[in-house]
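I opened this notebook to record a few local look-ups, taken one region at a time.

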Amino acid sequence: LFPRIVELIQDTFHYYFVAFYTIDHSGEKVNLRASAGRALDKKQQAELCPDDGIPMGRGLVGACAQTGQEVHSADISSDPLYRGVSGLKDAQSEICLPLILGDRVLGVLEILADRKKVFHEKDVLVLRILSDNVALAVHNSLLFNDLLEQTWVSTLLLQVSEAAQQHAKVDDLLSAVVRTIPLLIDVQRCAIYLFDNQSGEFFLN
């Protein structure tokens with residue numbers, strides 16, 4: 001969903017660069033989810049957004065996420081908040097729009113242009129409408145992911161419950177559990193360690 005959103009915006013409006021961010025669960029960092037317009041290598045991606053996210057209030061994106069307000073820089077060369085990226089040297093202006101649903105900021109839509117003073121009133125109005133629709137799409141996506149996670153948990157519990165009914169011995173039950181979990185949550189291996197009261201240590205079953 002996220003890559004498709006930025007690709008559609010970039011293809012439709014032909015902006016220099018478009019990036020999409022969401023706020024992490026802690027509410028303290030903003031994470032890059034997708035971008036379009038310019039291919040960035042790993043170093044340049046880290047300049048745009050560190051692996052651990054952009055702190056709230058840092059740069060134009062962080063300021064937008066923190067305040068929940070649009071941040072518009074008609075000339076980024078004179079904007080102290082702008083954080084330069086080596087792979088986006090032709091960028092000259094930027095607008096960040098908060099993705100808001102109700103009173104909650106879900107993320108930020110960042111758009112850069114290769115000319116100064118590009119974002120006129122009509123452009124901003126269209127982008128506001130667009131950001132509202134993106135926020136709704138993000139919300140629905142998060143709801144879907146939550147529902148999917150709940151389904152996985154329910155399926156896992158059901159599988160374990162069925163295994164408990166089929167196996168009378170604890171060793172057989174544990175073996176069934178470690179075979180089931182990798183199939184449900186897409187991991188290569190699973191192990192269960194049991195605590196030995198006499199030695200005070202855990203051992204692999």
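Predicted model: local features only at pLDDT ≥ 70, side-chain atom pairs only at ≥ 80, totals over all residues.

Residues are numbered from 1 along each chain as its sequence is written, and side-chain values use heavy atoms, with hydrogens and water left out.

**Helix 3.** I took helices (H or I, at least four residues) and strands (E, at least two) as DSSP runs, numbered from the N terminus. Helix 3, residues 59–67, is mostly covered, with seven of its nine residues buried (under 20% relative accessible area; exposed is over 50%, partly exposed in between, 1.4 Å probe, protein chains only). Among the buried residues are Leu60, Val61 and Cys64, and the buried set packs against strands including strand 1 (17–23), strand 2 (29–36) and strand 5 (93–101). Just after helix 3, I found Gly68 with a positive phi of about 70°.

**Asp114.** I located Asp114 in the loop between strand 6 (104–113) and helix 4 (121–166), and it counts as partly exposed because its relative accessibility is 38%. Leaving aside residues up to four places away in sequence, Asp114 touches Tyr16, Asp90, Ala91 and Gln92, where contact means heavy atoms within 4.5 Å. Asp114 and Tyr16 lie 98 residues apart in sequence, yet 5.8 Å apart in space, C-alpha to C-alpha.

**Phe202.** I placed Phe202 in strand 8, where it is exposed, because its relative accessible area is 59%.
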